[in-house]
Amino acid sequence: MKKEPKAIIITIVIMSAILSCVMFMQFKVVNQTNIEEIETMREDELNEAVANWKEKYEQASKELEDTNERIKEYRDKLQDNVEIKELVEKELAEAQENFGLTEVIGDGIIVTIMDNEEKSVKAMDLLDLVNELKVAGSKAISINEQRVTNLTDLVDISTKYIKVNSENISSPYVIKAIGDKTHLKSALTIKNGYFDLLQKEGYNIKIEEKNNIKINKYLNDVTLKYIKR
Amino acid sequence: MIILAICVGCVLGAIIGINLPIIPYTFSSYLAISIVAALDSVFGGITSTLNGKFNFKTFVSGFFGNAILSILLTYLGEKLNVDIYIGAIVVFVGRMFNNLGIIRRYYIDKWSQNGKEKVNNVEKRN
């Protein structure tokens with residue numbers, strides 16, 4: 001066999017290396033494509049997005065259908081005045097319950113927070129607590145018998161007083177929440193959660209589970225004076 | 001020597017290729033067309049070696065040039081919404097078959113000549 005120049009040998013090595021490298025890359029792509037299509041295919045990601053939007057669209061159209069059906073129900077019952085009165089009253093009661101305009105009773109937890117000599121509870125602390133309870137699934141919350149609704153204000157006035165629903169309240173703060181008892185309690189007593197944080201700050205905080213808690217209704221005016229439709 | 005170089009290169013490339021990350025599926029068509037172009041140049045090189053017209057510079061430039069050009073053409077085709085890569089594949093594969101035919105005929109001729117020579121030798125002795 002005749003001796004080849006070094007440059008040619010090196011070039012041939014590089015060329016065959018590139019060719020087989022590219023070929024094996026391609027083999028790998030072709031092999032993997034069937035297994036994890038979503039990861040390798042950009043088109044597939046788009047398909048997934050399309051599927052998501054379709055699902056959302058279907059959900060929306062289903063809601064529309066429901067609403068249309070309800071309208072139809074009203075129309076049907078319009079002929080019978082007694083029945084429509086019942087229907088509207090039922091809806092009204094439901095809406096009032098959702099908004100906090102009715103007294104409610106249920107199982108839940110009672111949280112008591114007290115000021116100590118050096119520190120007093122801030123409105124932000126109570127707001128945090130209310131939010132934690134809402135996250136944990138509580139549907140009815142009151143602070144010192146003041147119902148917390150979406151119109152509730154929660155403001156510091158002085159070191160000793162906090163304004164809730166435009167009423168001044170002071171320590172001890174008793175927060176009642178209706179919901180899944182264990183769920184609510186564990187949401188607060190989780191490690192480094194709300195309970196730990198307040199105890200570290202030096203507050204006196206107590207949590208107890210209780211059945212048949214009564215939560216008052218929202219007492220302030222709820223008419224919309226300045227909102228134009 | 002050259003065959004040894006090719007083997008070493010192939011093994012090296014295979015090891016690198018297996019360990020490289022997966023490229024997105026969209027780009028794999030470019031890779032495929034460049035592989036076909038490179039293989040075409042390889043067979044072209046073998047054919048010209050057999051014909052005694054092998055030029056190393058032409059071979060290397062064809063190997064890389066065809067691969068890159070075919071990728072560019074595929075890209076252009078995608079932009080124009082024309083499947084240019086089909087044309088490229090037809091040309092390359094057609095040429096590959098041509099070259100393979102030439103290689104096959106060369107070796108058939110060689111072997112049949114060897115056989116004839118043997119027969120001639122035997123007849124001469126007799």
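Begin by selecting Leu129(A), which touches Val111(A), Ile175(A) and Tyr194(A), leaving aside residues up to four places away in sequence; contact here requires C-beta atoms, placed from the backbone, to lie within 7 Å. The model is predicted, so local features need pLDDT of at least 70 and side-chain atom pairs count only at pLDDT 80 or more, while totals for chains, interfaces and linings use all residues. Residues are numbered from 1 along each chain as its sequence is written, with chains lettered from A and ligands numbered from 1 in the order in which they are written.

Now turn to where the chains meet. In this region, 28 residues of chain B are in contact with 27 residues of chain A. On the chain B side, α1(B) gives the most, with 12 residues; helices are DSSP runs (H or I, at least four residues), numbered from the N terminus.

Finally, select helix α4 of chain B, residues 84-125. Of its 42 residues, the number buried is four, so α4(B) lies largely in the open. Those buried are Tyr85(B), Ala88(B), Phe92(B) and Asn99(B), and they pack against α2 (25-51) and α3 (56-80) of chain B.

Terms used. Contact = placed C-beta atoms within 7 Å. Helix = DSSP H or I, 4+ residues; strand = E, 2+ residues; numbered from the N terminus. Expected span 1.5 Å × (residues − 1). Buried ≥ 20, exposed ≤ 12 C-beta atoms within 10 Å, placed from the backbone.
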